[in-house]
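Q: Could you walk me through this model, starting with the loops and then going on to the packing?

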Amino acid sequence: MKESIKIKAREVLTEYTELNKHRKTPERYAILDAVYSMDKHFTLEELGAYLEKKNFRVSRATLYNTMRLFITLRLVVRHRYIGRTVYEACYENGDHCHQVCTICGKVLEVKDPQIEAVINSTKLSRFRKDGFTLYIYGVCTTCQRRLSRLMKTKKKTTEK
């Protein structure tokens, strides 16, 4: 399944480059393959490191420009979370929600058919919805535990 999505994404890129008379550069295809091989949200630094590990070096400018193209082609979606920007392969990824921890920045995807049903049944005025991503901000259990321990320690210190 994952390989077939990667093939379809490559076809979208090929079709775009041919229609717009752009060059089919090995960098674009290597970056696309890397994006669709990563199983999580990623930063440009992580993408660059992944490519380097595969012995394929690209400049930061090439990464930025290629990601901008992939966003335009709807092959990649950019998420701007608290204090950082991450990317995600999105061809045939569907509508989904993200839980974002406001303390550590950890992001988890959430699949909830009820949320999808409500959003899909919402009538929008003069607007065609292509998809959605919902962000739910809060505090993850790891950070909640850390905060609880910190509060207990602080309380004990003030009681002395």
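**Loops, helices and core**

A: Lys21 sits in the loop between helix 1 and helix 2, where helices (H or I, at least four residues) and strands (E, at least two) are DSSP runs numbered from the N terminus. This is a predicted model, in which local features need pLDDT of at least 70 and side-chain atom pairs count only at pLDDT 80 or more, while totals for chains, interfaces and linings use all residues. Residues are numbered from 1 along each chain as its sequence is written, and side-chain values use heavy atoms, with hydrogens and water left out.

Q: OK, and is Lys21 buried or exposed?
A: Lys21 is exposed, at a relative accessible area of 75%; buried means under 20%, exposed over 50% and partly exposed in between, using a 1.4 Å probe and protein chains only.

Q: What about the phi of Lys21?
A: Lys21 is not a glycine, yet its phi is positive, at about 55°. Most residues other than glycine have a negative phi.

Q: Changing topic, how do helix 1 and helix 2 cross?
A: Their axes come within 10 Å and cross at roughly 150°; axes are lines fitted to C-alpha atoms, for helices over the stretch in contact, and angles run from 0 to 180 degrees between N-to-C directions. Helix 1 is therefore roughly antiparallel to helix 2, given that angles under 35 degrees count as roughly parallel, over 145 as roughly antiparallel, 65 to 115 as roughly perpendicular and the rest as oblique.

Q: Which residues make that contact?
A: On the helix 1 side they include Ile5, Ala9 and Leu13, and on the helix 2 side they include Tyr29, Leu32 and Tyr36, contact meaning heavy atoms within 4.5 Å. By class, the contact of helix 1 with helix 2 has six nonpolar, three polar and five charged residues; Ala, Val, Leu, Ile, Met, Phe, Trp, Tyr, Cys and Pro count as nonpolar, Asp, Glu, Lys and Arg as charged, and the others, Gly among them, as polar.

Q: And what does Ser37 touch?
A: Ser37, in helix 2, is in contact with Lys2, Lys6 and Tyr50, leaving aside its neighbours within four places in sequence. Ser37 is partly exposed, at 23% relative accessible area, and its C-alpha atom is separated by 9.0 Å from that of Ala89, 52 residues apart along the chain.

Q: How many residues are in the largest nonpolar core?
A: The largest nonpolar core has 24 residues, and those with the most contacts inside it are Ile31, Val35, Tyr36, Leu47, Met67 and Phe70. Such a core is a set of buried Ala, Val, Leu, Ile, Met, Phe, Trp, Tyr and Cys residues joined through side-chain atoms within 4.5 Å.

Q: Which helix gives the most to this core?
A: Helix 2 does, with seven residues.

Q: What does Met67 touch?
A: Not counting residues up to four places away in sequence, Met67 touches Ile31, Val35, Phe42, Leu44, Leu47, Val76 and Tyr87.

Q: Last one, is Thr66 buried or exposed?
A: Thr66, which lies in helix 4, counts as buried at 6% relative accessibility. Leaving aside its neighbours within four places in sequence, Thr66 is in contact with Arg28 and Ile31.
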